[in-house]
Amino acid sequence: MSEAEKKTDTQEDLDRKKKKEEKAREKELKKLKAAEKAAKFKAKQESNNASKKSSAKKNARRDAGGEENPEDYVDPETPSGDKKRLSAQMAKQYNPTAVEKSWYTWWEKSGYFTADAKSSKPSFTIVLPPPNVTGALHIGHALAAAIEDMIIRWRRMSGYNTLWVPGVDHAGIATQVVVEKKLMRERHLTRHDIGREKFVSEVWKWKEDYGGAIMRQLRRLGASLDWSRECFTMDDKRSKAVIEEFVRLYKEGLIYRDIRLVNWDCTLRTAISDIEVDYTDIKEKTLLKVPGYDKPVEFGLLTLFAYPLEGDLGEIVVATTRLETMLGDTAIAIHPDDQRYSHLHGKFAIHPFNGRKLPIICDAVLVDPNFGTGAVKITPAHDPNDFEVGKRHNLEFINIFTDDGKINSNGGSEFTGMPRFKAREALKEALQKKGLYRGAKNNEMRLGCCSRTNDVVEPMIKPQWFVDCSSMAKQALDAAIDGENSKLEFFPKQYLAEWKRWLENIRDWCISRQLWWGHRIPAWYITLDDDELKELGVYNDHWVVARDEKEALAEASVKFPGKKFEMSQDPDVLDTWFSSGLFPLSVLGWPDDTDDLKAFYPTSVLETGHDILFFWVARMVMLGIKLGGDVPFRKVYLHPMIRDAHGRKMSKSLGNVIDPLEVINGITLEGLHKRLEEGNLDQSELVIAKAGQKKDFPNGISECGADALRFALVSYTAQSDKINLDIQRVVGYRQWCNKLWNAVRFAMSKLEIDYAPPSTLLVETMPFSCKWILSALNKAISKTVSAMDSYEFSDAASTVYSWWQYQFCDVFIESIKPYFTGDDPSFASAKNSAKDCLWVCLDNGLRLLHPFMPFITEELWQRLPSALEHTRKESIMISEYPSIVEAWTNERAEYEMDLVESTVKSIRSLRAEVLGNPRNERLPAFAFCQSDAVAEIIASHELEILTLATLSSIQVLLSGKDAPPAECAFENVNENLVVYLKVQGKVDAGGELEKIRNKMDDAQKQWDKLDKMVNAAGYKEKVPSHIQEENAEKLAKLLKEMEFFEKESSRLEAMIGTEGKLN
């Protein structure tokens, strides 16, 4: 008998053995399936009478596998706050609602979230950006909570004394608007109807009844906040801190009162901050709805009109987009070098409605002689640029509007009392009658509207309180750019440039608001008996600032000794940002010298959206340095803004707003429509919004759970400044949770009830797959921790996901299955090692994943048996985060498994190509190796390749010794290895030849490109040596591949030629 025949006989024996194992395995699987179907059979039998034939068949299955108790798969009811009671058997499918139930209340009740100011552990602190008290959880909050909770859980598990402080912002304007609307809706009253005291009382009542809902919703996300330290920006401690902040800054000369131009909301009748102004770009004449007006108002028009000149000098034409402001004009500006108007220097125009003389002034800063007519009307009291011109030229500042946006007496009797945009129409008619109207044309403009009321913002000159920011801004800037000694670091680093730009161009900060809800300004106006004018604030030197009325009285008595006076507190309140800017200090007890302040200030990191880098972050840094003596945090992580899947900003009117709780719990399309109907959209907007929802969510949103949502959001953070959120990606992670669930179910089925994992592993005696997965786990741990340290959270999530999905589930679990199939005594040792390795991987893998997915990891970890001689922690969240075990690192095993995986991937690809789809039919394969080293690796890992690639056999062939197999399809693995698959029927040699020629062409193109690069002038001098070495290796590999392709091509050509002769 020849050697070839002997080998064939041996192979046939092996095939028979494997078929026998397959049958045994199929029999075992049938038993398991029978067991799973037993419960279904029983329920069905009780509810209806199945046919006798069907009943007999199912009874046979039940007898074969044993009857199940469905209740074994259902978690018992857990009393609130108790540790979750788990079902006797793991459910067969992952159910986020069931898994995420009960854990949070137990964590909270157990005190796992609570920090200890006296702890000897290093501290790590995050302050939750305080959401508005009016707010409900939106997707931006969910992103912030997912990131912050991931950081805090990781640090907690890494041995830090972690504090994550929750708080709620009183949100002055937002809350006042909500309560005012409620008053009007329910009682048809305005705040002015009931007065300040009763209105503020109504707001507090609303806050107690409805406020803080977002805090409850954060619990649903799994946010491990220290609720014992929860605060509100207007509670007693925070109010005391804000008053102290104002008083100290005032006494240092950093707070002053002045008449300045501010953003004014005529509906709210208050100044508003820049961040509360939304800008719309208008390209041409556009009609827009404005609160308080029945008809739409025209914008995007530049109106031209003439001012008569004094002394019969003719007229001068000016242009404006806000015609109504001409009632407050006090000058006309021209460029000093504009020859058209040189004869008008020092002359005057006459106001057509009040006779006011308007000086013609020269201003090279403002006027562009090439724009418009080259003449610019100046309204210092109602335009930011004109305000500066007014100061430069000492012009009169005339306010023409009342606080609610009507023309006041300064506008002239003809227009007094008119709403500003009705006055615009009236002025056009009046100018036409006087023959001064010169037409209108389309004009691009940016229109600012209040984000709360949608009213058009009016620049108004008002007496307000301001903070001088110049010196504090310099300190805040230096803290971030002081080279190696910088105290403040930004992630991503690109925002440092924006930080610099903002702070180098900072303006003084208007901190007073004409609202009733907020921190009342701790300033009292002193009206002396002998004052000529008695109006509040008329004399700027009559203000005293104090912590309370008693202190104010003492201050006034010192300031005005022997004088009779009356005191009245400023009715205005402080800008909300003034209190939230102090938040990192006030939440820790400042101005008192508390244990929390000593232990946790400065905090470790601030995580927030990049849109409030200046409005909040910069102000916290300025105030932290000034009042706390140090930056309020060491690092700033700025997350992207979330858009919909199409990149559009989320808007109720588009119907693309995503409620995180709807993603967590799932919702039907009808449910999404109902939410819209309960909102404030008008009918036309509602139609558009519903259509948008139907397009994006035709079947509603599937229940995804908090874990899947959190993981998706963190994974998205790799996208620079915007996230285009596709809900299907969240659904994908929910499905991945099911894969995790089943991986643990598989493991638990292999770990007997009395299994106890060892305290240490003898890695050197373990089978190859175990050595490899432990080394891969080590690498995943290292990369995850490194990514977390670098604030590359998407990379960290990707690393954890890849280890679980592509290494543990796809490769390791599959590769160890033969050890558990049958009772082959030769696998006894490997089987025990595989059990231990399974347990170690699950324990470490779940702890590695926990900060990203807290609920499912806790549930699965609690099901793992405890290690011998080791008392584990009560919860995964207080157990140790995985760290590298040096003994697990095995570069050789990783190198060899890379080759095994590449081989398997090529075989699977080949199978799909020749069979049309990757069926489970086992086929024989060949590994044609170019070196002894590769041949040895393939031969030593035959079991893994057979298992993972679903082969009946794999024969190792060596180039130079063995010929490539005939009648096989092939796939190139790398320059040293080609795999062949034996398939039934004849292989299309012509097709294989075409494939190999295409591969040869690709390799040749790569070689030509690289060869041209390395032979270019200056290559050896300019390119680093390690890159040159890499390129040389690539060239050698490509040459080797091309040599193989050439040989294989010749062989196939010869085969085709022989077949042609035979035919």
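Select K357 and F348 to begin: K357 lies over the face of F348, at 4.6 Å from the ring centre. A charge counts as over a ring if NZ of Lys or CZ of Arg is within 6 Å of the ring centre and within 35 degrees of the ring normal. Next, select R153 and W107, where R153 sits over the face of W107, at 4.6 Å from the ring centre.

Before going on, note that this is a predicted model, in which local features need pLDDT of at least 70 and side-chain atom pairs count only at pLDDT 80 or more, while totals for chains, interfaces and linings use all residues. Residues are numbered from 1 along each chain as its sequence is written, and side-chain values use heavy atoms, with hydrogens and water left out.

## The cores

Now select L725, L774, W804, F808 and F852. In the largest nonpolar core, which has 166 residues, these five touch the most other members. Helix 26 (residues 793–816) gives the most to this core, with 13 residues. A nonpolar core is a set of buried Ala, Val, Leu, Ile, Met, Phe, Trp, Tyr and Cys residues joined through side-chain atoms within 4.5 Å. Buried means under 20% relative accessible area, exposed over 50%, and partly exposed in between (1.4 Å probe, protein chains only). Helices (H or I, at least four residues) and strands (E, at least two) are DSSP runs, numbered from the N terminus.

Which residues does F852 touch, not counting residues up to four places away in sequence? They are M150, D707, R710, F711, V714, M788, F793, A796, A797, V800 and Y881; contact means heavy atoms within 4.5 Å. For a second, separate core, of 64 residues, select A241, L477, F490 and Y525, which are included in it.

## Aromatic rings

A search of the whole structure finds 46 aromatic pairs. Rings of Phe, Tyr and Trp (its six-membered ring) pair if their centres lie within 6.5 Å; planes under 30 degrees apart count as stacked, over 60 as edge-to-face and the rest as tilted. One of the pairs is Y256 with F466, stacked at 5.8 Å centre to centre, with 20° between the planes. This pair links distant parts of the chain, with Y256 in strand 5 and F466 in strand 18 (residues 458–467), 210 residues apart. F466 is buried, with a relative accessible area of 3%.

Move to W803 and F808, a stacked pair with 5.3 Å centre to centre and 20° between the planes. W803 has a relative accessible area of 0% and is buried; F808 is buried too, with a relative accessible area of 0%. Then select F246, Y250, W465, W509, Y525, W543 and F578, which form one aromatic cluster.

Most residues other than glycine have a negative phi, and most peptide bonds are trans. Where does R269, with its positive phi of about 60°, lie? R269 is in the loop between strand 5 (255–265) and strand 6 (270–272), and is partly exposed, with a relative accessible area of 34%. N394 has a positive phi of about 55° although it is not a glycine. Look for N394 in the loop between helix 11 (384–393) and helix 12 (420–433); N394 is exposed, with a relative accessible area of 72%.

Finish with two cis peptide bonds. One joins F491 and P492, with omega about -5°, and P492 is in the loop between strand 19 (489–491) and helix 14 (495–504). Another joins Y601 and P602, with omega about 0°; P602 is in the loop between helix 18 (595–600) and strand 26 (603–609).
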